[in-house]
Structures are given as C-alpha cells and as structure tokens.
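Welcome, and thanks for taking a look. Here is a short briefing to read alongside the coordinates.

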Amino acid sequence: MGERIGVYICHCGTNIAEVLDITKVVEFARTLPDVIVSKDNEFLCSTIGQQDLEKDIRDLGLTRFVIAACSPHMHEQTFRATARREGINPYLLQICNIREQNSWVTNDIQLATEKAKALVAAAVYRVRKHKPLDSLYIDINPNTLIVGGGIAGIHAALEIADAGYKVYLVEREPSIGGHMAFLDRTFPTLDCAACMLMPKMHTVEQHPNITLLSYSEVTSIKGYTGNFEVTVRQKPRFVNASTCTGCGICQEKCPVKVLDRIKMGLSGFRKAIHIPFKHAVPRYPVVDKKNCIYFASGKCRLCERECPTKAIELEQQEKIINLQVGNIIIATGFSLFDPLRISQYGYGRYTNVFTNIEFERMLNSLGPTGGEIVLRDCEKKPESIAIIHCVGSRDKNYHEYCSKICCMYSLKFAYLIKEKTGAEVYSFYIDMRTPGKQYEEFYHKLQNKGVHFIRGRVAMIMDAPFAPEEEGKLIIQVEDTLLGMQRRIPVDMVILSTAIEPAYDSEMVAKLFGLQCDRNGFFTERHPKLSPVSTMTEGIFIAGACQGPKDITETVSQAGAAAARALSLIVRKKVELDPIKAFILKEHCSGCMICTELCPYGAISLGDHRKFPEINAVLCKGCGTCVASCPCQAILSEHYTTEQIMSEINGMLRKDYSD
Amino acid sequence: MIYAYYPGCCSESLSSAYDGSLKLIADFFKIEFIHLSDWNCCGATEFMSVDRLGAYALVARNLALVPEGLNQVVTCCSACYLNMSRTEQLMSEYPIINKKVNTALAAGNMSYTPGRLKIRHILDVLVNDVGLDTMKGKVVKPLTHLKIAPYYGCMLVRPNMGFDHPEYPETMDKLFHALGAAVVDFSLKAYCCGGHMPQINAVTGYEIIRRILKNAYDKRADVIAVACPVCQLNLDIYQDDVNKNFGTTFNIPILFFTQLMGLAFGMNYAPLGFGKEIISAEYALSKRLKP
C-alpha cells in the first residue's frame, strides 16, 4: 500500500504510564501493518512531544499517524494542527483513547495493557483506510443575538456593540436589568447596585449598535455557526414606543390595582398599566393583559383617553421578528428556590419570615419601604433578626450543590442591618464560604461587629414558645454544632437565604437552543476548565448564572469572555466547518425519502431533478442518523464509512483480512 | 378495598374509641379489614432499644401472619406503624437481618419474604386510597366552626414514610379542611408527645405535654385531633397533672381523627367512642357544632 504509519503512545505523566506496560504496547504496535515507527513520550501534547512527532514526520516520511493518549475531546484538534503544519491532511490521523477509557478505569496492569494493544491495533487498521478530507469554509454573519437582559446579557451586548458590531438583545420581561435591578448594595464593597447597573442599561438603550427587543421571546432557531435564523415573538405592550413620553399619567389613572412582584408583598401595588420600575429600560409602560378591565370586558379604556400623546394602542398585536445572526449568547439567568417547599421554615405561614429577595427590596431605597427595615406590618421595627443560610442548597432533599453567593449576601444583609438598625443579628450557617477578593476580610469585619454566627442547619422555625421570653417571637430551633447542643433563639424576623436554581424554564431554553444541562439543570459548558463559555454547539455561548450559581463579578467576567469568543469568530469573517458529512450514493438510492424526515438538522431535501434526496453539506452535522436509517445503505458518512469501521473492528479483534 | 389489619395492643383497651370509630369509617367506605389472628405486641419503643434482633423478629412474626394474597397491612398506631415499616425496610435492605429474622421465625414454622407487604397507616389509607373528593361528597354534618389542631406526633411521618412531609405533615390538615373544619397552624404538630416519659420521669414528660397543649391553646384550638393511641393517652390523661404542675388551666379534648370524621359523616356520638376521653369533648363539640 505504501503508507508509512507512525504510532505514538503518551504516558500522560503517570496518568497512563502507571497503569499500562507502555513498552509492551510500543513493541506490539511495531508488528502492525504499515507501521514503520512506534514510540512513547511523556507528554505528547507538550511542545517537546509535538516537536519529536514533527521531526519523525519529516525524517521518516510518515504519511499517517496514530496517537494513543487521552480522549479526542481533549487534543484531537492539537494533533490535527500538527499534521497540517507538516503537510499531512489532518484527517489522516487517528486518536486512540487509552486514558479515560482505559487507565483511569482500572488498576489491573495486564488487562489495561491488553486493552491498549487492541485499541492501538484498531486505530492503525482504521487510519489505513482514512481519506484526506478538506474543510468547508463559510461566511460569518457579523450580528450577534443575546438572550437575556440581566447584567450578563447587558455586559456582553455592550462589549460587542462597542467593538462595532450589531447586537440584538432579547429580554422576556418588559424591562432589562434582571435580578441585579432588585438589589440595593453589592458585596463586599457595598457599592450601590443601581449606580453600576443603571448607566449600563441606559447605554444599551441608546447604543446605535444594539437593538433592544424587550418583552420578547425567541421562538425558533435554525441554521448553524455564523448563519443562524432566529424568530422572535414580541408581545404587545399596548403602548406605542415612539409616541410615549413615559409621563406616567396612564398608570395614575388606571383603576386596577395589582399586587406588585417588585414590591414583594410589602404594601406594594401597581396598576394594570405600569412602568415596571422607576429606572426601567425601556421606560415606557406595559399593559398587563391579565388584569386589565378592557381585556376582560371590553370597557374602560381610561388610559387611552387620558394619554396626552395618544400613545396607548389597545389593538396592538404581537409581532414576529426574523433575525439573521452569526453568534448567539445565552444569558438567561436563574430562579430562586421556593421556600414553601421547606414547610418547617414557615414561609407563607409566619408573616415575618422573608425571602432574600424580599429583604433586598426592603433594603433598597427605591423599594417599598424606602430602605427601612420593618416587619411585614410595615410599622414595627425588628430588634432581632435571624438569617438562615443554605435554604434549599447543600441539602440532599432539594439541591445538593452550594449556591455559592448566599454566604456573602447573607453577610451583606448582616452588615446593612447592623448599619441601619442596630438589631441583634443571628446568622445560621453550615460552613462559611467566602472565597473571593476581600470576602474573607468582610466576614472578619462582621465578626467584630458583634453578629452572632451560629454553626448549624436550622431544624425548624416555630411560633410555639416553650419559655416566657419566647412569647410572641419566632423561635429558631437549631443544633449549634460548635457547642454541641440544641439551642432555641427567639427573634422578630427571619430571612431565608434561598438557593439559586436554574431558571424555571431552562429546560425549554435548552431544548430550543440545543444546549445540554447538567444534572441540576444548569447549562453545560464545552469544557469545565478550558472552555467555560462555549457550548457543544459552535457559535452558541453561555454566560452568567444560567451556567451555575455565581456572583456579579464572575457573571460579568463570563459575559466578557462570551463576548470575546463571539468577537473572535466575527473578526475571522469565515468559519471552518468539519468535513465529516454524510453523502449519498445516487446509484444505490431508491428515493424513499426516509432520510429527509429523520434528519434533525433539516439538511436533506429533494434534489433538483426531484427524484433523489440531496444533502446540504453546510447544514449536515455528520450525526449519522440518515446513514443508519437508509434501507439501501445508499448514504455514507465521510470518515465513518463502512470500510473504515469494519477495518477498525478487524483491528480490534486482530483478524487480519489484509484488505 | 381489602387490607390486612393489625390492631396493636392499645386498640382493645386504651384506645377502643379509635378502634371502634375507624371500623365504622371503614364499613362506611366499604373497606374490608382482614384481622390477623394470634397477633402479638409490636415491641413498642422499648424493645427496639434493648434487643434489636429480638424486636425485629417479634414484628416480623406479625408480618408473617398476614394471609397469602394480601399485600398491604394497615395499622392505626404510629408506633406499630414505625416498627413494622422499619423491620420490613431493614429486612429488605440487609440480607443478614433477613436471614437471622427468618431463622427465628422458622422455629415457629413461619417465614416472611421482605418486599411482600406494604405497611400502611390508617390515615394514609383513608386520605389517599379513599380520597378527599369521595369524602367531601359524603359529608352531611360539616365540622364548620370547629377549630382543630391536627397533631401527628413524631412517629407517623418520620424518618420519611413517604406519604407526607417528614417535618411538617399536612395530611390531616387537608382531611379536616375537606370535612369543613377550621384547621389551626400548629407548629408542634410533629413534636414528640413524650411517649413513655411520664412514667419514667414525670416532670420531664409533663413539660413536653405542656408545650404541645400550650401551642394548641395559643392557637385557640377547640380540640386536638390525633392519629396515635399514645399521643391521645399522654395529652389526655396527664392534662390535669400538667395543670397542677405548672399552674395552667388547659381543658382541651383530645380526639382521634376517625371520631371527628364519623361526626362529619353523620354518625352518632356513642358508637364513635365519644365519652371515653378524660377531658370531655362534650362542651367543645356542643358549642361549635350544630346539633
């Protein structure tokens, strides 16, 4: 055949070398057909390792090679680049995984060595049948879609827009701002959240490169890296954005009072037509159709009559907007754990048990109490406050993971309570987790301020007094694990630091964009260390708490990273597509068209002469569904042809059919 | 609906009101109970802490008595329920326990295969098998105006029996709502009633009982409803002692939930076992319920 194959076995430090008898595998490889060199190396992926490989390719005139090392997920691209540099087609190499699927899963040296031999033989047999393949290059649409208008989406949008590229920012709510818009101060510097966020929100609205689609949701997405077609449904606001001045007369006159989510059950009502909050962007009202009298009975229209600029349009219909974008950043954020699920904590039964977000609103100077800390009756001031960490986190009954930010915002609460009221603060924690710049120092500051830190998970919050001093109080029943005893702490007010959960509809978002979720429901990144904002789909990135609990600092750095990744694709102008695609052998095809219906990417359609299907190579992802389903075996996939796979199996079973 | 029925030691004596009323309720909903013959004590709380294997064998003997063809056994006592559930679970999970227990049973020509029976509490059966909707349709005298504190005690839902929340159960709450009663939010609903503590250390026992009574009293409950004979016993017969010890004036009748169900379904007082309680329910019921 005249092929000159090199086999290279990597030690991966001790990862592989400790479990395999590498020498035996190297010697064995020499006996395989067409192999002219077989070597081992401590770290093949290192510069030295690659240089050795390059030298062999040059000196020995290798035409193909096999790398026996880690999973192809890790370094297939690395070695393809090596091949390319030395003038070998990058598809004339085969990676053979002897780490994840071999040395990491056993301690039995003999078995592992035998398995490695079989895997190397399979790889050699396979690579002999490889064909050189050429990548496809396609243009990248320079526009970016960002889904979610919280701090992550806002930050990423500004980064890309400032670089001079167009951004569509889609936000489901009537205003952007996300959870951060609810906050008063941020830990550990106690900076004002609004002062950081509001200018950014304003810039988004004004930016010539950003199209803000608020009150909108993505309904479908088609296409591939560089060329996505996205459909967005914009819900009717019933207010004309171009004529509305945001004067607020409509919401003054509106007769319908609705409990306000932003005010979190604290003496808070809004109207059916309302501006979401004071610094909302865009700052024009929205009619809440569910509560509006007009939509229930066809009467009222008071807002319409009173509007000085005639901006109310109650006949407005939803709009379907089609966008063409090259990259997508998903920044859909999180939801908070519903404390009703832990019924022994009494949220919803005891009026003075608050959630973290309710308390954030209370601390906020623009919130329902104007920043004053009061009990639910909005009058009495608490003299003692309990803050309970890990409500729904680090708990096998609910979420096993740590929500990461609760310790720090609980400390922030303690600080602000001390600053504003001087009330006694009891902080119930399991472990105090303060890893971050200035975080631990913040914790020490609070210890010195006289906050009572009690280590133990709260068993129950009750209103049943056992002793006279507990009368009229909420009593925290807890095992103090440092004292090793049960304690009962009577307080006036309780704050539950609830867990961060995946957004309530994250499953739907994942399905829509083809993202993968971890077992907790957060979106999975391509690689936990090296590719934290990419997803398994090229051109789709994730940022912020949709990927896992994180604070503002981390969210912003991730949003910046996602923006940088998108920009790096945009400036490349072209994207390289994997040439591993399916192709049809027309002479075998019966024209049954089974494949067209099964293709998950819509890549197969009726060809020009309307008799046989044709595969669009750009849309095809090489998944192989059509290959497996074709009753005539008329479809093959490049790099996974029957010949190649049979040859690999022959190698594995070491039956030499010699071609 | 057919179930095997394990009455437990209290049913014929201390809690005959429970046993009697639940039989009426069962007949009312056409539930057939097959009584175990020659059953023995479940070991209560003591035996398990003295000799575990002996206790498991004692319980397993009752399970072995359940006739073939039945796959559910019902009990009305929370302690019996816990002991039976625990034994069944341990025998299923640990082959060594299963083997030892069955060796003991073999001495009496008996055997029990773990997994054969599902252990059920009567509260679970009534609320979840009969169903609240069916019950609602049968209410002829709604318990309107009667404020009930539902008391579950510590053994009914713990460690996690599956049919209700182990820390803050609500099955009885839902039941009484369905019967038209007002249910108070009762913080100590799943706290311990003291068990046998009043006999071991009276003052400690009284304090435990006092807390529960006070919580119900603070919530303005007319009656406390229970689902366990020991809870009824402790809260009822020691109420006077608690009052003497702590200078309190509690006078809250402690009734089995099945008795109150019977009232709602229009049954008469006497057959439901009213009058057997120490703190008479007459006043509370006559004041709140229409004749």
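Predicted model: local features only at pLDDT ≥ 70, side-chain atom pairs only at ≥ 80, totals over all residues.

Buried area is the accessible area, taken with a 1.4 Å probe, that two parts lose on being put together, summed over both.

**Where the chains meet**
- Chain B brings 14 residues to the contact, and chain A brings 14 residues.
- On the chain B side, the residues losing the most area to chain A are Tyr168(B), Ser187(B) and Tyr191(B), which together make up 35% of what that side buries.

**Salt bridges across the interface**
- Three salt bridges are counted between chain B and chain A.
- Glu471(A) forms a salt bridge with Lys214(B), with 2.8 Å between the closest N and O atoms.

**Domains of chain A**
- Chain A is divided into domain 1 (5-133 + 645-652), domain 2 (143-234 + 325-333 + 503-577), domain 3 (249-306), domain 4 (337-499) and domain 5 (582-638).
- Taken over C-alpha atoms, the centres of domain 1 and domain 3 of chain A are 67 Å apart.

**A helix pair in chain A**
- Helix 11 (residues 356-363) and helix 12 (residues 406-420) of chain A pack at an angle of about 35 degrees, and their axes are 12 Å apart.
- The crossing of helix 11 past helix 12 in chain A is left-handed.
- Helix 11 of chain A contributes Asn356(A), Phe359(A), Glu360(A) and Leu363(A), which meet residues of helix 12 of chain A including Tyr409(A), Phe413(A) and Lys420(A).
- The residues of this helix 11 and helix 12 contact in chain A comprise six nonpolar, one polar and three charged.

Technical notes. Residues numbered from 1 in each chain as written. Chains lettered and ligands numbered in written order. Heavy atoms only, no water. Axes fitted to C-alpha atoms, helices over the stretch in contact; angles between N-to-C directions. Helix = DSSP H or I, 4+ residues; strand = E, 2+ residues; numbered from the N terminus. Left-handed = near helix turned anticlockwise from the far one by under 90°. Contact = heavy atoms within 4.5 Å. Nonpolar A, V, L, I, M, F, W, Y, C, P; charged D, E, K, R; others polar. Domains from an automatic or database assignment. Salt bridge = Lys/Arg side-chain N within 4 Å of Asp/Glu carboxyl O.
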